[in-house]
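Hi,

Here is the structure I said I would pass on to you. Have it open while you read, and follow along below.

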Amino acid sequence: MSSLINFDVIPDRSHTFSKAHHQYPTDLAPTFVLKASGVTLTTDKGDFTDWSMGLGPVIKGYNFQELNDFIAKKINDGFAYSIPSEYEFIVASKLLKVLEFGEQVRFAKNGSDVTSAAVRLSRYHTGKTKVICNGYHGWQDWYIGSTTRNGGVPDSISSETIKIDGPSIEQLEKAFTENKENVACLIVEPMVNDEPNIAFLENAKRLCKKNSSLLIFDECWTGFRCHRQGAIGYTSIEPDLACYAKALGNGIPVSAIVGNKIIMKDFEEIFFSFTHASDPIGIAAADFMLDYLDKDFFLQLNKKTTQLFTYINDAIKNIKNPELRLSATSYPGKIALFAENQSLSLQIKTFIQMELLKKNILFNMFFAISEDHKKEHIDSFIKVLNTIIKKFNTTNFNINKETEKYLVSPVFRKQK
Ligand SMILES: Cc1ncc(COP(=O)(O)O)c(C=O)c1O
């Protein structure tokens with residue numbers, strides 16, 4: 001079948017960098033997916049257990065029948081209406097009730113839509129221009145200009161963004177001191193692959209208040225994953241604005257920005273508007289998932305995360321060669337695996353992926369844990385992990401040689 005397909009019609013053969021063929025050992029990994037159900041991707045190379053779950057959104061599982069049925073009914077009401085629907089007011093109110101945060105909501109489709117809206121809103125609201133950020137926030141100029149993948153972004157835009165490393169209070173203070181009069185906002189991923197650094201978040205809040213800048217929580221990952229009320233519920237720290245995407249729709253595109261009226265009302269002045277912003281299919285997915293993702297759902301997800309995290313840590317402590325050492329970090333619903341040796345990180349990632357692919361497991365160095373991941377999926381992963389570690393520990397194991405034919409690429413790299 002694949003021989004009939006012209007892959008050259010899509011640059012990079014993918015619409016998303018982290019889903020592209022160069023993120024997996026090409027030839028060993030599946031080339032494309034045909035359909036998915038639960039945690040299984042049916043691909044051109046057979047069925048694979050997925051741990052990326054669409055890069056985070058699919059928190060229950062693929063092809064979730066109850067959600068499908070709910071959406072199918074809504075489709076029969078038509079969509080893309082010419083004026084707002086009654087439904088968007090109902091679901092916006094429901095979202096505020098669940099979050100117990102904010103007074104107003106604007107819906108959108110992608111995470112990038114709402115993080116960009118939050119930055120423009122903060123610039124308008126404060127009359128300032130600089131943005132401080134700490135994580136990944138989407139494909140837009142103001143963010144991507146601060147990374148090494150900044151091709152096509154004018155320096156005049158890149159220079160408005162200051163990127164700090166993870167939860168560094170020192171770098172945060174320096175960024176505020178050096179741009180004192182002009183910081184519109186600090187946008188942070190409240191947790192980046194790890195338990196929250198409360199001191200960092202408290203300092204973030206303090207410095208924003210002191211400098212009359214807005215604090216934005218980018219909850220595109222943490223929202224509806226670590227807790228029913230996202231990082232705000234998990235940390236009890238409230239920002240000025242919060243952005244939600246991914247898990248809110250279990251993979252059906254919907255995002256939202258939430259905050260208090262005093263700031264959100266400025267959306268009546270600035271331009272944040274697009275044809276499908278209030279798409280009722282996405283809003284219906286949010287409506288359904290807001291009920292489904294209840295307290296018990298997160299209790300179970302947290303329990304599963306802790307179990308898997310323990311198994312991983314028990315396994316990786318057996319790696320004898322310091323050059324090949326792995327470490328893991330986690331918050332409820334997510335685990336990330338890292339090569340400690342940065343200079344071998346691509347080789348180590350490639351080797352891990354190669355071994356897992358042999359057992360039909362697709363893995364990109366993080367676990368987006370979903371309800372449909374069961375004991376058997378965890379056990380299979382740990383079994384392969386132990387095999388990998390055994391191979392790491394054999395004398396004469398040469399990671400460069402093992403992976404040279406299949407080496408994956410970094411997402412962020414210097415532009416030509
Ligand atoms: C924390 C965070 N913010 C924003 C985004 C951008 O979301 P999207 O790719 O839906 O535009 C992502 C995407 O991975 C993300 O992880």
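Let's start with a pair of strands: E4 and strand E10 (residues 255-259) run antiparallel and are joined by 5 bridges. One spot to look at is Val105, which stands opposite Val258 in E10. Before you go further, keep in mind that this is a predicted model.

In general, the strands of a sheet pair through backbone hydrogen bonds, and they can do so either parallel or antiparallel. Now zoom out from that pair. E4 and E10 belong to an open sheet of 7 strands, ordered E4-E10-E9-E8-E7-E5-E6, and the pairing is mixed. Strand E4 (104-108) and strand E6 (161-163) are at the edges with a single partner strand each, so one side of each has no neighbour in the sheet. On average, neighbouring strands here are turned by 20° against each other, direction ignored. Helix H3 packs on this sheet, where it touches E4, strand E5 (130-133), strand E7 (183-188), strand E8 (214-218), strand E9 (241-244) and E10. The direction of H3 makes about 155° with that of E7.

**Around the ligand**

H3 turns up again here. Which helix gives the most to the shell around the ligand? That is helix H3 (residues 111-126), with 3 residues. The ligand is surrounded by 14 residues, and the closest are Asn110, Gly111, Ser112, Gly138 and Cys220. Sorted by type, the shell has 7 polar, 5 nonpolar and 2 charged residues.

**The three-stranded sheet**

There is also an open sheet of 3 strands in the order E11-E12-E14, with antiparallel pairing. Its edge strands are strand E11 (326-331) and strand E14 (366-368), and each of them pairs on one side only. From one strand to the next, the twist averages 15°. E11 and strand E12 (residues 334-339) are joined by 6 bridges, and Ser327 has Phe338 in E12 as its bridge partner. The hairpin of E11 and E12 has 2 residues between the strands, and Gly333 takes a positive phi near 95° there. Lying across E11, E12 and E14 you'll find helix H11 (residues 295-316), which runs at about 170° to E11.

**Another hairpin**

Have a look at strand E1 (residues 33-37) and strand E2 (residues 40-43) too: they run antiparallel, with 4 bridges joining them. Ala36 has Leu41 in E2 as its bridge partner. In this hairpin of E1 and E2 there are 2 residues between the strands, and Gly38 takes a positive phi near 60°.

**Two packed helices**

Two packed helices are described by the angle between their axes and the distance between the axes. Helix H6 (residues 169-178) and helix H7 (residues 198-210) pack at about 10°, and their axes are 10 Å apart. H6 and H7 are therefore roughly parallel to each other, since the cut-off for that is an angle under 35 degrees. From H6, the residues that meet H7 are Ile169, Leu172, Glu173 and Phe176; on the H7 side they are Ala199, Phe200, Asn203, Ala204 and Leu207. This contact is made up of 7 nonpolar residues, 1 polar and 1 charged.

**One last residue**

Finally, find Thr403 in helix H14 (residues 399-403). Is Thr403 buried or exposed? Thr403 counts as buried because it has 21 C-beta neighbours inside 10 Å, and the cut-off is 20 or more. Apart from neighbours within four places in sequence, Thr403 is in contact with Gln347, Thr350 and Phe351. Asp379 is 24 residues from Thr403 in sequence, and the two are 25 Å apart in space, C-alpha to C-alpha.

Cheers

Definitions and conventions. Residues are numbered from 1 along each chain as its sequence is written. This is a predicted model: local features need pLDDT of at least 70, side-chain atom pairs count only at pLDDT 80 or more; totals for chains, interfaces and linings use all residues. A residue is near a molecule or strand if its C-beta atom, placed from the backbone, lies within 6 Å of it. Ala, Val, Leu, Ile, Met, Phe, Trp, Tyr, Cys and Pro count as nonpolar, Asp, Glu, Lys and Arg as charged, and the others, Gly among them, as polar. Two strands pair if DSSP finds at least two bridges between them. Axes are lines fitted to C-alpha atoms, for helices over the stretch in contact, and angles run from 0 to 180 degrees between N-to-C directions. Two residues are in contact if their C-beta atoms, placed from the backbone, lie within 7 Å. A residue is buried if 20 or more other C-beta atoms lie within 10 Å of its own, exposed if 12 or fewer, and partly exposed in between; C-beta atoms are placed from the backbone. Angles under 35 degrees count as roughly parallel, over 145 as roughly antiparallel, 65 to 115 as roughly perpendicular and the rest as oblique.
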